[in-house]
Amino acid sequence: MGYGDTAGYLWIRIPLEMADSNAGSSAGGENPVQMLNAVRVIPPNDDPKWPLWRYVQKVAKTGGGKGGNAKIICRLCNRDITGSYSRVKTHLLKLGDGGVKPCPKVTIDVLIQLKSEQDKADASSNTPLNIPLPTDGNGGGRKRKASAIEASFDVDTRNKLDALIARMFYTAGLPFNLARNPWFRQAFMFAANSKLGGYVPPSYNKIRTSLLVQEKTQVERMLQPIKSTWSSKGVSIVSDGWSDPQRRPLLNFMAVTEDGPMFLRAINTEGEIKTKEYIFQRILETIDLIGAGNIVQVVTDNASNYRGAGLMVEQKYPHIFWTPCVVHTLNLALKSIGAARNEEDPEYEHCNWINEVSSDAQQIRNFIMNHSMRLSMFNEFSKLKLLSIAETRFASQIVMLKRFREIKDALTLLVVSPKWSDYRDDNQGRAQFVKDKVLSDLWWDKVKYILDFSEPIYSMIRAADTDKPCLHLIYEMWDSMIEKVKTIIYRHEGKEEYEHSPFYDIVDKILQSRWLKNNTPLHCLAHSLNPK
């Protein structure tokens with residue numbers, strides 16, 4: 001609201017609601033309602049959201065522009081205040097220091113009246129606008145009389161409730177999938193089938209405090225039967241680094257048994273250097289939480305700091321194994337196979353083409369996705385979308401190439417369409433590069449070959465990346481995966497089994513090296529105990 005002197009103010013006295021005859025009076029015997037009526041002034045630009053402005057006089061602005069602070073005089077104690085409405089509240093409602101002294105004229109009874117006005121203003125500001133529901137009609141026509149069946153089922157009331165629930169979704173930006181949540185549906189069904197006259201949903205604070213503690217206690221109670229089996233069935237601790245929506249680095253710990261995974265805790269590692277000693281201490285804390293005698297293995301990824309921490313755990317607890325994550329190991333193997341190589345590298349001639357094909361696919365994707373018109377043209381020919389890739393996982397490159405093979409026809413129609421030439425003037429060189437690659441049968445043959453020989457590796461990643469126990473299957477899966485890769489490569493090159501294949505030798509060397517780093521006695525023991 002604007003500031004200025006009081007010459008333009010309209011002096012209006014508005015009576016408060018009559019105080020109860022038994023209400024206490026302020027010091028000096030003056031009724032608090034009468035006292036506030038005597039000093040209250042309603043300015044022309046009065047806003048009901050800020051009722052306490054009525055008890056101060058704004059003398060002059062102290063800042064430039066329409067906003068800023070002002071020099072204010074309290075009408076109760078005549079004390080000067082410099083600030084905004086927050087300081088007026090602090091002064092009159094005695095909220096604390098806040099850079100301004102409390103008003104000495106505000107007694108307990110006056111404070112109750114002022115706080116009542118402010119609470120009513122806060123409540124009214126939180127009340128949604130009275131916007132008619134779609135079921136209310138526009139009032140322009142005559143309302144149709146409900147049929148007997150509609151009246152018996154109270155269809156109008158049901159439709160109004162549906163409209164209120166829908167408006168809650170729209171105004172809060174809730175995802176529509178929430179409507180499929182069984183607890184969402186069960187809550188309304190329970191309320192509809194119960195006699196809960198006057199029921200009000202839980203408040204913001206109740207949901208985030210007492211109800212949250214109640215739900216956590218219930219979850220702990222439900223998990224207790226699983227925890228009771230740890231001593232007899234054993235536990236695997238699984239740890240991995242993650243980031244929350246605020247990009248804070250987290251260190252997660254989960255306990256995995258034959259009954260499934262159970263979340264234990266997440267540690268915020270912001271500002272910490274994740275050395276092997278730091279991770280080792282966090283793992284030890286988790287081991288103490290579960291009990292060292294209940295733990296069979298600790299599973300982490302293959303990073304050097306995690307590896308070092310895992311070896312330190314094995315040294316402190318000889319009966320606990322450190323096991324590298326199989327999925328991470330296979331991702332590293334795929335990354336090594338498709339990594340870029342120097343021309344001086346002996347492997348360059350046989351493997352660098354994989355990195356070239358992946359880079360070509362990435363350039364094609366970026367060229368289409370980074371231009372709104374080209375993306376619109378692509379969407380006309382394909383219902384499938386181009387996928388983004390994660391830099392930390394080479395398997396995502398395989399997923400991207402799979403999608404490219406699925407949209408091959410759409411890409412072909414795109415680059416030969418008349419519109420393609422109209423929107424390539426901004427970068428004709430790249431547009432021609434994309435067209436040449438999409439229309440090249442040789443390039444698509446390379447894409448198919450990459451997907452063919454990597455399929456056994458990718459299938460093993462999918463099989464191992466589940467919540468189901470698969471330790472007993474890893475030994476055989478890895479052995480058969482290497483054999484399948486060899487069969488596909490030899491068939492593509494037209495070689496007999498006894499012949500030499502330089503490309504397969506490189507792939508086999510990478511896979512064998514990763515297996516030697518990943519293999520633990522647990523894999524061999526679980527394989528030997530697995531019934532055939």
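This report describes selected local features of a predicted model.

## Basis of the description

The model is predicted, and local features need pLDDT of at least 70, side-chain atom pairs count only at pLDDT 80 or more, and totals for chains, interfaces and linings use all residues. Residues are numbered from 1 along each chain as its sequence is written, and side-chain values use heavy atoms, with hydrogens and water left out.

An open sheet is formed by 5 strands in the order 6-5-4-7-8, with mixed pairing. Strand 6 (260-268) and strand 8 (321-324) are the edge strands, each pairing on one side only. From one strand to the next, the twist averages 25°. Strands here are DSSP runs of E with at least two residues, helices are runs of H or I with at least four residues, and both are numbered from the N terminus. Two strands pair if DSSP finds at least two bridges between them.

Strand 4 (residues 235-243) and strand 5 (residues 249-257) run antiparallel and are joined by 8 bridges. Glycine 241 stands opposite leucine 251 in strand 5. The loop between strand 4 and strand 5 contains arginine 247. Arginine 247 has a phi near 65°, a positive value in a residue other than glycine, and counts as exposed at 66% relative accessibility. The accessibility classes are buried (under 20% relative accessible area), exposed (over 50%) and partly exposed (in between), with a 1.4 Å probe and protein chains only.

Threonine 300 is placed in strand 7 (residues 295-300) and is buried, with a relative accessible area of 2%. Its side chain makes a polar contact of 2.8 Å with the side chain of tryptophan 322. A polar contact is a pair of N or O atoms within 3.5 Å; within protein, one must be able to donate a hydrogen and the other to accept it, and residues adjacent in sequence count only if both atoms are side-chain atoms. Not counting residues up to four places away in sequence, threonine 300 touches Ser239, Tyr306, Trp322, Thr323, Pro324 and Cys325. Contact means heavy atoms within 4.5 Å.

Helix 22 (residues 521-529) lies across strand 7 and strand 8, and runs at about 90° to strand 8. For such angles, axes are lines fitted to C-alpha atoms, for helices over the stretch in contact, and the angles run from 0 to 180 degrees between N-to-C directions. Leucine 522 belongs to helix 22 and counts as buried at 10% relative accessibility. Beyond four places in sequence, leucine 522 touches Val296, Gln297, Phe321, Thr323 and Leu471. The C-alpha atoms of leucine 522 and threonine 323 are separated by 8.4 Å, although these residues are 199 residues apart along the chain.

## Aromatic pairs

The model has 16 aromatic pairs. Rings of Phe, Tyr and Trp (its six-membered ring) pair if their centres lie within 6.5 Å; planes under 30 degrees apart count as stacked, over 60 as edge-to-face and the rest as tilted. One of the pairs is tilted: tryptophan 353 and phenylalanine 503 lie 6.1 Å centre to centre, with 50° between the planes. This pair links distant parts of the chain, since tryptophan 353 is in helix 13 (residues 348-369) and phenylalanine 503 is in helix 21 (residues 502-518), 150 residues apart. Tryptophan 353 counts as buried at 15% relative accessibility, as does phenylalanine 503 at 4%.

The rings of tyrosine 449 and phenylalanine 453 have centres 5.6 Å apart and planes at 65°, so this pair is edge-to-face. Tyrosine 449 and phenylalanine 453 are separated by about one helical turn, because they are 4 residues apart in helix 19 (residues 441-464). Tyrosine 449 counts as buried at 8% relative accessibility, and phenylalanine 453 is buried with a relative accessible area of 2%. Trp353, Tyr449, Phe453 and Phe503 form one aromatic cluster.

## Charged residues

Arginine 282 lies over the face of tyrosine 278, at 4.7 Å from the ring centre. The charged end of lysine 486 sits over the ring of tyrosine 490, 5.6 Å from its centre. A charge sits over a ring if NZ of Lys or CZ of Arg is within 6 Å of the ring centre and within 35 degrees of the ring normal.

Arginine 54 is placed in the loop between helix 1 (32-39) and strand 1 (56-61). Arginine 54 is buried, with a relative accessible area of 12%, and its side chain is joined to that of aspartate 46 by a polar contact of 3.1 Å.
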